[in-house]
Amino acid sequence: MIMKFISENNFAALMGTSNSTAQKWAESGVYPSHVVNGVRGFDMEELTEIPEVNEMINGKWNEEFHVQPLRQYTSVELFAGGGGLALGISLAGFHHVLLNEFDTSACKTLRTNRPDWNVIEGDVRHIDFTPLRDRVDFLSGGFPCQAFSYAGKQGGFNDTRGTLFFELARAVTEIRPKVFMGENVKGLTSHEDGKTFDTICNVIRELGYTLVEPRVLKAIMYQVPQKRERLILIAIRNDIAEKVQFHWPSPYGCVLTLRDALYKSVIFDKDVPKSEGVKYPEKKMRVLELVPQGGDWRDLPKDIAREYMGGSWELGGGKTGMARRLSLDEPSLTLTCAPAQKQTERCHPLETRPLTVREYARIQTFPDYWKFQGTMSEKYKQIGNAVPVNLAWAIGRSLVRLFNDIQREFPTKTQDCAPAVREILRKQSQLVVVKDNKTQTSKVEAVCVQLNLFDLYDQYELKPITQNSMLHESTEIQYGTSRTRYPFPIDLTRNLLICNVKKDNWEQYLDGTAKIYYTGKKFPTTVALNKLYYFMPYLSGKGIRDLYYIKIARLGYRKEGQVGEDKNDLRLVFEIERVGQLFDDYKKVTLEIWRTFTDTTISKVIGRQ
């Protein structure tokens, strides 16, 4: 019998443990180890007591790969993003009649790759799904996880109001699909000590659906070369649930690695094409050049590691994401929305640089023909937030098998959804909304105009700042030159506003997802709004690090789009977009105006007059 071999590193990835732990298992004889072609690992046939390994050995991947729908099954997807879940589900055989996404660039990506898809760009709260009632077979959505209120005694439907899960649930009540699916991070089950997940389960029961026992699926078991896990919720309408049973997808027979993503392999018929990508500053590059494949900060000389890590050096935990270089012979670590964040480094295994956009897409198993739209940072974000296509495809095939069983028990014809979709699109065309990209929400104005300081100048005596020209058009500094240590173009002469950020808003600035900044009740009149171009958030006790571009300044209100928003508390709001990390670590500065603001320029901040 030919040994079905799995290396120590891939076994560690499958088990969700460290490489060193797998090595200890081998050395201590917990599992019998072998050496094949100079690589130490295990015979999978000797590990059948481990459920994941047993599934991979006895799975029916090849059989399930060829499943076909008995008829055309229709679907609607919410929170579609850059299309990972939508593409995988469509490859399995579903026909998307409608997709919704808030982000403009992600919508452009969907329309570019699938011009026949009906994509509604905008806030899901403004979409009336009732024209599709009893016409659509399947509804899906990767809803963002937000803290729910638990004012209700049962933690049910009403307690989710104001969250995007509520909008998914509302769509279910209005469409009444036979089956719906939600996907999220695995941490959802423990969010708010399990209260959030309990509430979601209660809502599903209230909606009249039977929840299949949820599972956290490991992407590496489904032909995805990445250590990524997603919680999958499948719910079947009660009038159908007793007659059918959902079967989770069988895993692929082996674990794929980064080598399978970047070169010709079982999932790609050629090496990864060249594409755009961010660059490291020279200082960071010199540090990462010292890190071997699969290594991290622990492989650096102690003095270099201490300087590079800054304050993180004194913190507990393994910090294994810092100065991390990927290995060709292991699955990639879970991709983030930016490839060069210091705490979650994803350095290329052979070259000292971050992964390119196309390499990012390969790791998420997007086909090379899937073209992403928007700025480079927006492309990374779309890919990093996506469900891996091959994982979605595997789930889609299992759903097709479920729908085939439903079709046999309850024979129906595919409904013509075109008139209903036209009605929904007609209603949407009559809405003019003001977006708030930070929370993926928007508001419909009674008078359909963009709120800005031009409109309110006379009333509030504020100088307006108009939409700036694009950042890259006026810069003298080019990518990859020795003239700057930054991997993005900046204009050193432009005005920069540094603003203090309250601690309850820190998270969005730490992870680079912030889209707006609202000031306090007062704003200094000495700051010329029409000259502002850049923005840097100041975190008390830490300093400044990240550079943002100011798109527009307008009148808004405190905690706009967040829990606790107060529409009677008017504030100055800057709509911002992250440009990149200006410093390797936070730089201490002194705020000059009311210890809250500093009006300066880029050159002064980085010490170039």
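Biologist: What makes F180 buried?

Modeller: Buried means a relative accessible area under 20%, exposed means over 50%, and partly exposed is what falls in between, using a 1.4 Å probe and protein chains only. F180 comes out at 4%, so it is buried. Y209, at 5% relative accessibility, counts as buried too. Bear in mind that this is a predicted model: local features need pLDDT of at least 70, side-chain atom pairs count only at pLDDT 80 or more, and totals for chains, interfaces and linings use all residues. Residues are numbered from 1 along each chain as its sequence is written, and side-chain values use heavy atoms, with hydrogens and water left out.

Biologist: The structure holds 29 aromatic pairs. Why is the one between F180 and Y209 called edge-to-face?

Modeller: Rings of Phe, Tyr and Trp (its six-membered ring) pair if their centres lie within 6.5 Å; planes under 30 degrees apart are stacked, over 60 edge-to-face, and the rest tilted. F180 and Y209 are 5.2 Å apart centre to centre with 75° between the planes, so by those cut-offs the label is edge-to-face.

Biologist: And what does the F180 and Y209 pair tie together?

Modeller: F180 lies in strand 8 (residues 179-185) and Y209 in strand 9 (residues 209-211), so the pair links parts 29 residues apart in sequence. Strands here are DSSP runs of E with at least two residues, numbered from the N terminus.

Biologist: Why is the pair of F523 and F574 called tilted?

Modeller: Their centres are 6.1 Å apart, with 55° between the planes.

Biologist: How do you know that the charged end of R362 sits over the ring of F268?

Modeller: The rule wants NZ of Lys or CZ of Arg within 6 Å of the ring centre and within 35 degrees of the ring normal. For R362 the distance to the centre of the F268 ring is 4.0 Å, and the charged end does sit over that ring. K503 sits over the ring of W506 as well, 5.4 Å from its centre.

Biologist: What makes strand 16 and strand 18 a pair?

Modeller: Two strands pair if DSSP finds at least two bridges between them. Strand 16 (residues 495-501) and strand 18 have seven, in the parallel sense. Strand 18 is joined to strand 19 (residues 546-558) by two bridges, and those strands run antiparallel.

Technical notes:
Helix = DSSP H or I, 4+ residues; strand = E, 2+ residues; numbered from the N terminus.
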